[in-house]
Amino acid sequence: MQRVGLKRLGLLLTLVALLFGGPLRFHSQAFDTTLPNRSLLLSDSVATRTGVTYTFGFDTTLALTIGSVEFEICSNDPFPGTSCTVPPGFDISGGLLASQTGTSDFAVDVPSTNAHKLVLSRIASAVSPTTFSFEITGVTNPDDVGTEYMRLRIFNAPSTGGSLVDAAGLAFSINGDLNLATEVPPHLDFCVGVEIASADCSVILGDSVEMGTLTTGATAAVTSEFMVGTNAQNGYIVTVNGFPLTSGNNVITSITTPASSAPGTNQFGINLKQNTVPVIGSEPVGAGSGTITSNYNVPNKFRFVSGETIVSHPTADDFTKFTVSYITNIDSSQDPGIYATTMTYVATGNF
Amino acid sequence: MLKGKKMPKISQMLRRMAYLAASTLVSLGSIVALIPQSASANPVSSRSIQMSTSSNAGSSATTTYLLNFTIPTGSSMTTLRGIVIDFCSNSPIIGDTTCSGTVGTTVPTMSTTGMVSGGVLTASGWTAGTLNANRTYTLTNATGVAVTAGSSVVTLTMSTAIQNPTTLGTFYARIYTYSATAGATGYLVANPDTGAVHVDDGGIALSTANQITVTAKVQESLTFCVYTAGSDCAGGTVAGISLGTSGVLVVYNAAYVGATTAKIGLASNASGGVIVRAKNPATLTSGAFTITAQGNSCTADSTTTTVEQFGFRVSSVGANQSAATGIYGCSSGQHAFHTTNLNSTYGDEILRTTGAQDESQSAIEFAAKAATTTEPGIYTSTFTYIATGTY
């Protein structure tokens, strides 16, 4: 019995050997491709994006009889002729051949084209080595982010008929967008001081000025500064608010109509110009272009009416530093005392 | 009962074996009597024919046979003047008067008679030839070369253009040595001693065989990712980028407070390299308002309050990657944003590799700056990065 069994086993092994004893090959369809410089240029690599342009390119290094070219997009690998995992969402079925190089007679073979495979056909003929490119518009990218593959096959007859001439593959990548964001907040930068050093609101020197002892024969004059800038699209205004110099019930009268400094008369006024009589003040400086209200914009003419707009600009404006000149004159009847006032400047942005 | 039955069978078998042995001896004796033998011939020792390929491919007339043997101990050979190597499909037996086989099909074709000699054959004067329609290789030298029994080694590269038999399987070579050239040139299978009596001989078996085709596939690959957190494509994650201090541009005379980076990971076996392009339809935009793009080439970051800027640069370049020179490969303190190119069909090149490479990471630095008058709002900009490998 054992010998019979061994004989049968031997026969079985022999049969198996005869059936499968051919050349031992680990083989799949692979080509020593003659299609170098294969590339796939996307106009947009974002998943699910529609209306994308795909430009396929490759070179031929041999004269080939070409009747059709097949581009197949797969998710699993770039090996032509093997099973293809169709990438979800990808759709090239409506692709249009917008341009081509290498030859000029390819057209989309609609019956052979489907969602993941585009076939271009022509009347088969020999084509010398050249660089091919095919610009296909109207493609919808796959749904998933990651690496995808294109398989390229060339046939010697239209509609992928005839024989396979050459084949190759490539990889390309589908990604997401990178979004950048930032906020520019509404801003009105405004500062007031006796001096604003270096036109920088972070360096403000003092908030009180001393005009000294007033006399009938000379004008007392001092200055302060303010700086303003904003991105308010409708600009800004700056108003001045306060009282004339006051000491108890005694007041040094404000100038309500722009006038020159007149020692020996009661006058309290301001302007925002560089003056010569008296020598006091400065012209505005800075990158901005704020406008001084006309009543305060004449050299050697002064005025003070509380609540009036002294500077404005109709649109967003860069920083401008203004110098406010204060002048005071008294007549001989001015009651003695310590006169003081507080000036408040208000900037309002109109966004 | 069982033993009684077995015993007669064993005796019968023994008897049959005895008959078979006797008949075999008689048969061999008859054959030996028919084969012409050199009276003093010894089998050449350490004999071999090394084939450069065992392929039976019909078009492979490029095979080289390297013959080696040693003049045997006890040989009467003192001057070697001729060698015959006869290829047969039926047997390697010296003295077999038949040598069957079809040249090129079951025995090789000695299509050319080139030779490269070695061992004792290094002396000049050897001439290669063929007999029997290129089945038999001959080598002669009228002067000959002195040999010593038991030590002289004959090494012979018979040809560089032999065609193996196209039929798979075993074939044989019969080697004869002569002390006279006439022995080789007058060689006949029926009587190898027709021209002169051969001195030594020997048989060798050779075989053609299937070739094993091993195919491995290396697929085209492209690993490409953009991320804002992590160290590589495997672990990288992406989130939106906020520019400025806590996402706000508030300092108008500072160059790019809070510039931020994203990483690009890239690996491919594309022999022609990979080009990474950036696309962006617009600079930072908030409704109808935009922050001015920094420029079409590397432009110094401004510190004035009147200038608004938005740009980027490749702030660090991964191994085997290179940044677009003069535009996005800016040094620190410079950025660029080529509005036209970034809004073109395929975008503007920012990075490239020159060939295949392992994964490496580059960094993209984005920076924005508002002017004093930059319109308030939330500004956004979207980049798309496209990697294209050329295989």
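This is a predicted model: local features need pLDDT of at least 70, side-chain atom pairs count only at pLDDT 80 or more; totals for chains, interfaces and linings use all residues.
A:Leu42 has A:Tyr54 as its bridge partner in strand E3(A), strands being DSSP runs (E, at least two residues) numbered from the N terminus. Residues are numbered from 1 along each chain as its sequence is written, and chains are lettered from A and ligands numbered from 1 in the order in which they are written.

E3(A) also teams up with strand E8(A), residues 131–139, again antiparallel, this time over seven bridges. There, A:Gly57 sits opposite A:Ser133 of E8(A).

Turning to the two chains, 49 residues of chain A are in contact with 55 residues of chain B (C-beta atoms, placed from the backbone, within 7 Å). On the chain A side, at least two residues each come from E1 (25–26), E2 (39–42), E9 (146–155), E10 (164–174), E11 (178–184) and E24 (317–329). The largest share, seven residues, belongs to E11(A). Sorted by class, that side of chain A has 24 nonpolar, 17 polar and eight charged residues; Ala, Val, Leu, Ile, Met, Phe, Trp, Tyr, Cys and Pro count as nonpolar, Asp, Glu, Lys and Arg as charged, and the others, Gly among them, as polar.

E11(A) also runs parallel to strand E13(B), residues 241–242, with two bridges joining them. Here A:Leu180 is partnered by B:Ile241.

Key:
Helices (H or I, at least four residues) and strands (E, at least two) are DSSP runs, numbered from the N terminus. Two strands pair if DSSP finds at least two bridges between them.
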